[in-house]
Amino acid sequence: MDNTLLWYTTRGAGAVTLVLLSAVVVLGILSVLRVQSAGWPRFLTVGLHRNLALMTIVFLALHIVTAVIDPFTHLGWLAAVVPFSSYYRTFWLGLGTVAFELLLAIVVTSLVRGFIGQSAWRLVHWLSYASWPVAVLHGFGTGTDAWSAWLFGLQAVCIVSVAAAAGYRLMAGSRDPLAAARSSFQAGVDRRESK
Amino acid sequence: MALGGGGNTYPMQMMDTVQDRVRARDGAMRLLNRMTTGAAVSALVGVGVLGAVSAHTIPGATSTSTASTSTASASITSSSTSSSTSTSSSGLQSSTTPVTSSSSSGVAVSGGS
């Protein structure tokens, strides 16, 4: 296969993966907020979040495989698995490896959620908030033309989207319909235990 | 008044509500499948398009032409200073033969016409 084709596929797949990952994070936040309407039931948000997350893994695999087998870069498989072991832009490429492994942990624990329990799954799922910014930093630091207009614009759109969703999440608070009942019950239990 | 199914009886109004909910759910599932397929196709197209854009904007693809332009103008300038009478420009072309160094000793050729 042509070396340049592999190189450009790596870059295209990396950009697409960032867009997909950002969409997954936004949909995850919206599903926590229980966003729904007449034509958009809540399970649609959760289903799309799950499908796009699996799709992100596929395109991330394409990004990694094409980068590793590209004879021009000589990255090697070790750099894809062990963070900060690459000779090429060690720190920035290592961030990509960290983001990949965090994402892999999230997907694997989601697939075996029934076995590991809700609280363990939730704990690991919080890593998504770490995985996304690490991936963005990897894009800024590793990309040969990360500061070109098109890629910078793409990354800016992703950052603004996730920041807006996270900000909305923080302002909206909990959308749990039983939150008030739970807190009053907990307050009653606390009062009884303090007596 | 009521419909029976599997030994259960439901009021007609409740049956309509259940049917509506089932239809809405089926519609949402179709929408989910369409959106997933659309996202997959868009992502595949995106890899190609962004790869092509990347090929055009990669550093070096545009700076190479700039470098050769500046080199050309420098050559023209030096040419005009060394020979003030020559004003015509026939365009600069890169040599197709590589520049090599030779360390062989000279060879005398005799004969010929």
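Helix H1 and helix H8 of chain A are roughly parallel to each other, a label given to angles under 35 degrees, while those over 145 count as roughly antiparallel, 65 to 115 as roughly perpendicular and the rest as oblique. Welcome to a predicted model, in which local features need pLDDT of at least 70, side-chain atom pairs count only at pLDDT 80 or more, and totals for chains, interfaces and linings use all residues. Residues are numbered from 1 along each chain as its sequence is written, and chains are lettered from A and ligands numbered from 1 in the order in which they are written.

**The H1–H8 pair of chain A**

- H1(A) and H8(A) pack at an angle of about 10°, and their axes are 9 Å apart; axes are lines fitted to C-alpha atoms, for helices over the stretch in contact, with angles running from 0 to 180 degrees between N-to-C directions.
- On the H1(A) side the meeting residues include A:Ala15, A:Val19, A:Ser22 and A:Val26, and on the H8(A) side they include A:Leu154, A:Cys158, A:Val162 and A:Arg169. Contact here is set by C-beta atoms, placed from the backbone, that lie within 7 Å.
- This helix contact divides into 14 nonpolar residues, three polar and one charged. Ala, Val, Leu, Ile, Met, Phe, Trp, Tyr, Cys and Pro count as nonpolar, Asp, Glu, Lys and Arg as charged, and the others, Gly among them, as polar.

**The two chains**

- Chain A has nine helices and zero strands. Helices (H or I, at least four residues) and strands (E, at least two) are DSSP runs, numbered from the N terminus.
- In chain A, 33% of the 195 residues count as buried, meaning that 20 or more other C-beta atoms lie within 10 Å of the residue's own; 12 or fewer makes a residue exposed, and anything in between partly exposed, with C-beta atoms placed from the backbone.
- Among chain A contacts with a separation of 6 or more, 64% join residues 24 or more positions apart.
- Chain B has two helices and two strands, in the order β-β-α-α along the sequence.
- Of chain B's 113 residues, 6% count as buried.

**The nonpolar core**

- The largest nonpolar core holds 43 residues, and A:Val16, A:Val19, A:Leu20, A:Val24, A:Leu52 and A:Phe59 have the most contacts inside it. Such a core is a set of buried Ala, Val, Leu, Ile, Met, Phe, Trp, Tyr and Cys residues joined through C-beta atoms within 7 Å.
- Elements supplying at least two residues each include H1, H2 and H8 of chain A, together with helix H1 (12-57) of chain B.
- H1(A) provides the largest share of this core, 14 residues.
- Beyond its neighbours within four places in sequence, A:Leu20 is in contact with A:Leu52, A:Met55, A:Thr56, A:Phe59 and B:Ala43.

**Where chain A touches chain B**

- The contact draws 20 residues from chain A and 19 residues from chain B.
- On the chain A side, helix H1 (3-32) and helix H2 (42-69) are the elements that give two or more residues, and H1(A) gives the most, with eight.
- That side of chain A divides into twelve nonpolar, six polar and two charged residues.
- B:Ala28 sits in helix H1 of chain B and is partly exposed, with 17 other C-beta atoms within 10 Å. Setting aside its neighbours within four places in sequence, B:Ala28 is in contact with A:Pro41 and A:Leu44.

**Helix H9 of chain A**

- Zero of the 16 residues of H9(A) are buried, so this helix lies largely in the open.

Terms used:
Contact = placed C-beta atoms within 7 Å.
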